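Here is a short briefing to read alongside the chain on your screen. Take a look at the model first, and then we can walk through it together.

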Amino acid sequence: MKAFKITIGIILLLISIGFLYKPDTIMKINDLARRYIFNDVWVLSHRGKTGVLLFVLALIALYMGLVTI
């Protein structure tokens, strides 16, 4: 779990540095993500499956968080 948190921290650090020093690269990445990942056709056609998956993941995350309290 520590390695996961460190990896997420490094990724977020690199993204923040990119926003500060290379905004054109961030805009290109945003354009690619918008074109291939977040397009409306995919979202509308897979709405139910994605919603159920995110709901289950949210329940698992909530359960894991509440168990450690």
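A residue counts as buried when its relative accessible area is under 20%, as exposed when it is over 50%, and as partly exposed in between (1.4 Å probe, protein chains only). What you have is a predicted model, in which local features need pLDDT of at least 70, side-chain atom pairs count only at pLDDT 80 or more, and totals for chains, interfaces and linings use all residues. Residues are numbered from 1 along each chain as its sequence is written, and side-chain values use heavy atoms, with hydrogens and water left out.

**Confidence**

- Confidence is highest in helix 4 (residues 47-67), at a mean of 87, and lowest in helix 3 (residues 40-45), at 76.

**Overall build**

- The chain holds 4 helices and 0 strands, where helices (H or I, at least four residues) and strands (E, at least two) are DSSP runs numbered from the N terminus.
- Read from the N terminus, the order of elements is α-α-α-α.
- The chain is more spread out than a compact globule, because its radius of gyration is 17 Å, well over the 11 Å that the globule rule gives for 69 residues.
- That radius is taken over C-alpha atoms, and the globule rule is 2.2 Å times the number of residues to the power 0.38.
- The C-alpha trace spans about 40 × 35 × 15 Å along its principal axes.

**Surface and burial**

**Helix 1**

- Helix 1 (residues 2-21) has 20 residues and reaches 28 Å from its first C-alpha to its last, close to the 28 Å expected; the expected span is 1.5 Å times one less than the number of residues.
- Of those 20 residues, the number buried is 1, so helix 1 lies largely in the open.

- The side chains of Arg35 and Asp31 form it, at 2.4 Å from N to O.
- Arg35 and Asp31 are 4 residues apart in helix 2 (residues 23-36), so about one helical turn separates them.
- Both partners are partly exposed: Arg35 has a relative accessible area of 41%, and Asp31 has 38%.

**Two further residues**

- Phe38 sits in the loop between helix 2 and helix 3 and is exposed, at 55% relative accessible area.
- Gly51 belongs to helix 4 and is partly exposed, at 37%.

How values were computed. pLDDT = per-residue confidence, 0-100. Salt bridge = Lys/Arg side-chain N within 4 Å of Asp/Glu carboxyl O.
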